[in-house]
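Take a first look at the model shown here. A short report follows it.

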Amino acid sequence: MFRSRKRAIGIALFMILPLVLAACSSTGGKKAAQAAAAGGTSVAAGHANTPHYTIAMITHAAPGDTFWDIIRAGATAAAAKDNITLKYSNNDDPTQQAQLIQDAINSHVNGIAVTDPDPQAICPSIQKARAAGIPVVMFNAGVTTWQQCGGMEYFGQDESIAGVAAGKRLATAGAKNVLCVLQAQGQVQLEARCAGVQQGLGSEGTMSKLYVNGTDSSAVLSSITAELTRNKSIDAVITLGAPIALIAIQAIAAAHSTTKLYTFDTNAAEIAKIKSGAVQWAVDQQPYLQGYLSVDSLWLYLTNANVIGGGQTVLTGPSFIDSSNIAQVAAYAERGTR
Amino acid sequence: MTQVAEAPVTPPPIRDERVGRKSLLARLLARPEAGALVGAIVIYIFFFIIAPPFRSAASFSSVLYVTSTYGLMATPVALLMIGGEFDLSAGVSVTSAALCASLFSYEFTTNVWVGVLVGLALALFIGFLNGWIVVKTGIPSFLVTLGTFFMLQGLNIALTQTITNQVASPDISTLQGFNSAREVFSGSFTVGGVNIRTSVIYWIVFCAIATYILLRTRIGNWIFSVGGSAPSARAVGVPVGKMKIGLFMAVGFMAWFTGMHTLFLFNTIQSGQGVGNEFVYIIAAVVGGCLLTGGYGSAVGAAIGALIFGMVNQGIVYAGWNPDWFQFFVGLLLLGAILLNTFIRRRAEAAA
């Protein structure tokens, strides 16, 4: 019994093998991507002959969020150019993130680039790093408190300013009832964006909020569909992340809604949707720039004692990706740098 | 009704209550899913009254859709719980299977159906591994699958990052076979102007199969006996080890199926997805009458449990309640459903 079953499995596997070999796709996939990439070039800017340094980059990235891929791409490119070994780590729990900073201090890195989503938890560790003589630059999150925290420089977008800019543009586009979709509850930067949108809209329109479970695509799809079914007067949906925008496209179709879709942040798949017109525009905070400048500014400080920004925030956004500049940006998005 | 007639003033003559006939209502209420059914009806009426958009057929189709994504997994999870085990890796297994299928077909530029089969093999292997470790070591499945939960979560992110240099799987919608796979796993059809996703049908079919197995087959009896008392089951010749491994593999199979649905609906899979859903599956099974200790429960109950969760999730949005309170209301309504369930079961047991 046992023997014959084993043999049966063996025969089955043997029969599947040629099937697998014969079943190649002649469209799409990696082959197509490689063929397309053969023509393009990646971002590379030579190689510095300065001493070798090790820099730790510690972020609050949630597992699986595509936004951080672009930040990492920027940081990696700068590190490669600057003769730097980049140690990347992330944890979306602030106390764990603070521990990662402590680990970086203990391993005597030459510089730290850090995001600060929760000043109470993160600041003490940043101050410890400065006390240990390690230069710290901050980026992406913590725009209101980075000076008190002891950061030397800050690269990022003021989420409120970005929200207001988005709100103003929505008002210009004639949006009256805006739905702001938050993919997590209790995150300061997401709330700041929605509040900014409301402020930017001013008296031109109203804004309502919808919380969705960002870790479950099907649940996101159903929740947005439900809200669009409930409130037929919604004429603009703004999502706070590229993956959510992609799901919102399906939700709008499922609810037979004519609402227009706008979003914060981008990834390659979403850029394609701006091109096709399914997404009107995206608020871009240029994550590649945030990652790149964080590492490059540490290199400038370590090799030439330069400090960028004069004690003020260096704003990397908001800029907008829309039909006017999509053709240019799309090519860069394909290779993962926009 | 017979009970009323038989209720005497003096103590009844000695009579074995196990062979006594019970009324239809009493028998219905004694079913594991009875409490959940009442809870589901109460919640349906509740939202029907307070949320006008909830009343339309299109809205209910949307409720059924989100229910089916939980229900597909709650069904095998309920069987596993009746068999006395937990699977905390069930939520991330869905993502693992989908990532595996997607990355395989993308990286090797194969027909997506090849990736689909590779994903199935992986999902079954995860189930087998969970079951095998539990059976061989005797370590509680809560701990074993907690370990695999973290491992899979890490593998999902690390391997996706290593292979694709990003944290989501690439878009596979241009590969050959994608359209047929989408038809099979994530299709939809229209009945009377209402769009229904096929996952709803699959969910009902799988639930029916599970119910048939549980109530009408020898394997069903074995599942109950294994969960009730593994040593006694073993003593009467039930292959306890094989049963448990089989149940874990059933969870793996459905994780694959659910993963394929998600993959072909959204074209890409984010590697961090699925975390937390394992508890939704377990909640659905428990609300539906499964005991945390095993040996008792039903597949229909798990389906109703999933429906309660789906209705609460969507109903709150349809009702337009303050979104800040969303999680609170989800918890409150679920707790209410469980309390009602327990109350009805106690009454049914007392009446029996």
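The report goes from chain A as a whole to its sheets and domains, and then to chain B.

**Ground rules**

This is a predicted model: local features need pLDDT of at least 70, side-chain atom pairs count only at pLDDT 80 or more, and totals for chains, interfaces and linings use all residues. Residues are numbered from 1 along each chain as its sequence is written, while chains are lettered from A and ligands numbered from 1 in the order in which they are written.

**Chain A overall**

Chain A holds 13 helices and 12 strands. Both are DSSP runs, numbered from the N terminus: helices are H or I with at least four residues, strands are E with at least two. Of its 338 residues, 52% count as buried. Buried means that 20 or more other C-beta atoms lie within 10 Å of the residue's own; 12 or fewer makes a residue exposed, and in between it is partly exposed, with C-beta atoms placed from the backbone. Two residues are in contact if their C-beta atoms, placed from the backbone, lie within 7 Å.

**The parallel sheet**

One open sheet of chain A has 6 strands in the order E2-E1-E3-E4-E5-E11, with parallel pairing. Two strands pair if DSSP finds at least two bridges between them. Strands E2 (84–90) and E11 (314–315) of chain A are the edges, and each pairs on one side only. Helix H4 (residues 94–106) of chain A packs on this sheet, touching E1, E2 and E3 (111–114). The direction of H4 makes about 170° with that of E1(A). Such angles run from 0 to 180 degrees between N-to-C directions, and axes are lines fitted to C-alpha atoms, for helices over the stretch in contact.

In a regular strand the side chains alternate between the two faces of the sheet. In E3(A), A:Gly111 and A:Ala113 point one way, A:Ile112 and A:Val114 the other way, and all are buried. A:Ala113 is the bridge partner of A:Met57. A:Ile112 has its bridge partner, A:Val136, in E4(A). Further along the sheet, A:Thr59 stands opposite A:Asn90 in E2(A).

**The mixed sheet**

Another open sheet of 6 strands in chain A runs E7-E6-E8-E9-E10-E12, and its pairing is mixed. Strands E7 (206–211) and E12 (319–321) of chain A stand at the edges with a single partner strand each, so one side of each is left without a neighbour in the sheet. From one strand to the next, the twist averages 25°. Helix H7 (residues 159–172) of chain A packs on this sheet and touches E6, E8, E9 (260–264) and E10 (282–284). Strand E6(A) is mostly covered, with 5 of its 6 residues buried. A:Leu179 has A:Val237 in E8(A) as its bridge partner, and A:Val181 stands opposite A:Leu210 in E7(A).

| Strand pair | Bridges |
|---|---|
| E1(A) and E2(A) | 7 bridges |
| E1(A) and E3(A) | 4 bridges |
| E3(A) and E4(A) | 3 bridges |
| E6(A) and E7(A) | 6 bridges |
| E6(A) and E8(A) | 4 bridges |

**Two domains**

The domain assignment of chain A gives domain 1 (53–157 + 286–307) and domain 2 (159–284). Domain bounds come from an automatic or database domain assignment. The centres of the two domains, taken over C-alpha atoms, are 29 Å apart. Their contact takes 6 residues from domain 1 and 10 residues from domain 2.

**Where chain A meets chain B**

How many residues does each chain bring to the contact? Chain A gives 38 residues and chain B gives 46 residues. On the side of chain A, H9(A) gives the most, with 10 residues. The residues on that side divide into 14 nonpolar, 16 polar and 8 charged. Ala, Val, Leu, Ile, Met, Phe, Trp, Tyr, Cys and Pro count as nonpolar, Asp, Glu, Lys and Arg as charged, and the others, Gly among them, as polar.

**A helix pair in chain B**

Helices H9 (residues 198–216) and H10 (residues 218–228) of chain B pack at about 80°, with their axes 5 Å apart. H9(B) and H10(B) are therefore roughly perpendicular to each other. Angles of 65 to 115 degrees count as roughly perpendicular, under 35 as roughly parallel, over 145 as roughly antiparallel and the rest as oblique. Among the residues of H9(B) that meet H10(B) are B:Ile213 and B:Leu214. The residues of this contact divide into 5 nonpolar, 1 polar and 1 charged.
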